[in-house]
Amino acid sequence: MKRRAIVLCFLSMVWILVGCTDKPKPVLETDETEKPTLLDENHAPIRIGFSMDTLLEERWLKDRDLFKEAVEALGAEVEIVAASGDDALQISQAEALIHSGIDLLVIVPHNAEATAAIVHKAHLSGIQVIAYDRLVKNADLDLYVSFDNEQVGEMQAKAITALVPKGNYAFIGGAITDNNAHLLKQGVFKVLRPYIERGDINIVYDQWTEDWTPVNARANMEEALRTTNMQIDAVIAANDATAGGAIQALAAKGLAGKVPVAGQDADLAGVQRIVVGTQTMTVYKPIQMLAKEAAELAVAMAKGEIVTAEQKVNNGKIEVPSVLLTPIAVNEHNLDRTVIFDGFHSPEDVYREVAE
Ligand code: GAL
């Protein structure tokens, strides 16, 4: 009797233990249209919140649509908000997402420092946070998914120094609030340093561009031309939007196409300028890969799966587990086998300018 009691008691303990640890797994249900829906243990759809800085630039519209598509293809739901560069709005939008009971938050910070508060608030509600493309500084971020932004800068500087190994350079930086702008600048100056130390290259202008806008970049370039009496031999602009602004300023002085200019993002306008020769190169970042990677990781983490990432990026507080994808330098010689081959832009769009 006593032995049977012990065995029974042991079996019930095992049963309870199994019951506790084996949290019910989210189930994937499909409705009559075969659309998969991932349900959490409360039978509610898994919901991902996507807090974006802005939709002003071409690329972010792509990021929004591709991320939404990828998350929904995995059966989860996504709620997207954009703050138009307003820090207070981004924080209140993220708070609303957190209170609405999302399972995970993905964020493109406008301000790398200010958004640390969002990570803290999400964690208080047991919600993990992934930084998308741009890092959140000084926060216990769970994961960072981006491209190697320092390498973007290196590619820009290598392309321009190959054409202009000696001369006066203007650096039209990105937004000082954006950690990517700092990483890119590190990459650029890592390549330029030996030229500068040899006295071959002079940095005659170096400014951040508020909110990465073409208008601010144009004003920066006009100031660079004015303060150097137009003695500028090369321009490295942090992305195609700022390159476009700088090229407008050069064009106003009859210098467009005469001064090599580097950009980033492979915006349509950027690659069209490469075709007509007013821009030298851009750095293509296959956003479709970034969005897909981030969606898969976000849904896995929202399902309670443990995600490991080999790379680490220090955000001033912790070594953030990171996934850094590889960018691609693009110029007139490899447009077809990169942005066109990937369907990032159609040949009709890219070569339209040339045709007219
Ligand atoms: C950066 C991003 C670039 C650029 C810029 C402006 O963080 O990496 O691709 O577009 O933002 O929004």
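Me: Where in the chain is the place of I127?

Reply: Look for the elements on either side. The model is a predicted one, and I127 has its place in the loop between α4 (116-124) and β6.

Me: Is I127 buried or exposed?

Reply: The general idea is to look at relative accessible area, where under 20% means buried and over 50% means exposed. I127 has 4%, so it counts as buried.

Me: And how far apart are the C-alpha atoms of I127 and A302?

Reply: I127 and A302 are 175 residues apart along the chain, and their C-alpha atoms are separated by 8.5 Å. Now try another pair: N334 and N314 are 20 residues apart along the chain, yet 34 Å separates their C-alpha atoms. For T308 and S322, 14 residues apart along the chain, the C-alpha separation is 8.8 Å.

Me: Where does T308 lie, and is T308 buried or exposed?

Reply: T308 is in the loop between α10 (287-302) and β13 (311-314). Its relative accessible area is 66%, so T308 is exposed.

Me: What about N334, then: which loop holds N334?

Reply: The one between β15 (328-330) and α11 (336-340).

Me: Which backbone oxygen lies 3.2 Å from a polar atom of the side chain of T161?

Reply: That of K158. T161 has its place in helix α5, residues 149-163. With a relative accessible area of 5%, T161 is buried.

Me: Now a contact between two side chains. With which side chain does that of D200 make a polar contact?

Reply: To read one of these, find the two side chains and check the distance. Here the partner of D200 is R198, at 2.9 Å. D200 itself is in the loop between α6 (179-197) and β9 (201-207). Its relative accessible area is 18%, and the buried label needs under 20%, so D200 is buried.

Me: I keep hearing about phi. What should I look for?

Reply: Most residues other than glycine have a negative phi. In this chain, N138 has a positive phi, near 50°, and is not a glycine. D265 is also a residue other than glycine with a positive phi, near 105°.

Me: Where are N138 and D265 found?

Reply: N138 is in the loop between β6 (128-132) and β7 (143-147), while D265 is in the loop between β11 (261-262) and α9 (268-276). Their cover can be read the way we read it before. N138 has a relative accessible area of 36%, so it is partly exposed. D265 has 7%, so it is buried.

Me: Let's move to the ligand. Which residues are around the ligand?

Reply: Start by listing the neighbors. The residues around the ligand are E57, R59, W60, D133, R134, D178, N180, W212, N239, Q264, D265 and K285.

Me: How many Å separate an oxygen atom of the ligand from a polar side-chain atom of D133?

Reply: The distance is 2.8 Å. For D265, a side-chain N or O atom is 2.5 Å from a ligand oxygen. For K285, a side-chain N or O atom and a ligand oxygen are 2.9 Å apart.

Me: How much of the ligand does the protein bury?

Reply: To read burial, compare the ligand on its own with the ligand in place. Taken alone, the ligand exposes 300 Å², and the protein buries 100% of that. The ligand sits in the largest cavity.

Me: Last one: what does the chain look like overall?

Reply: The chain has 12 helices and 15 strands. Its C-alpha trace spans about 100 × 45 × 35 Å along the principal axes. Of its 356 residues, 49% count as buried.

Definitions and conventions
Residues are numbered from 1 along each chain as its sequence is written. This is a predicted model: local features need pLDDT of at least 70, side-chain atom pairs count only at pLDDT 80 or more; totals for chains, interfaces and linings use all residues. Side-chain values use heavy atoms; hydrogens and water are left out. A residue is near a molecule or strand if one of its heavy atoms lies within 4 Å of it. A polar contact is a pair of N or O atoms within 3.5 Å; within protein, one must be able to donate a hydrogen and the other to accept it, and residues adjacent in sequence count only if both atoms are side-chain atoms. Accessible areas come from the Shrake-Rupley method with a 1.4 Å probe; for residues, only the protein chains shown count as cover. On a 1 Å grid over the protein atoms alone, a cavity is a set of points where a 1.4 Å probe fits but cannot get out, and a pocket is an open set with protein on both sides within 12 Å along at least five of seven lines; lining residues have an atom within 4 Å of a point. A molecule sits in a cavity or pocket if more than half of its atoms lie within 2 Å of its grid points. Helices (H or I, at least four residues) and strands (E, at least two) are DSSP runs, numbered from the N terminus. Buried means under 20% relative accessible area, exposed over 50%, partly exposed in between (1.4 Å probe, protein chains only).
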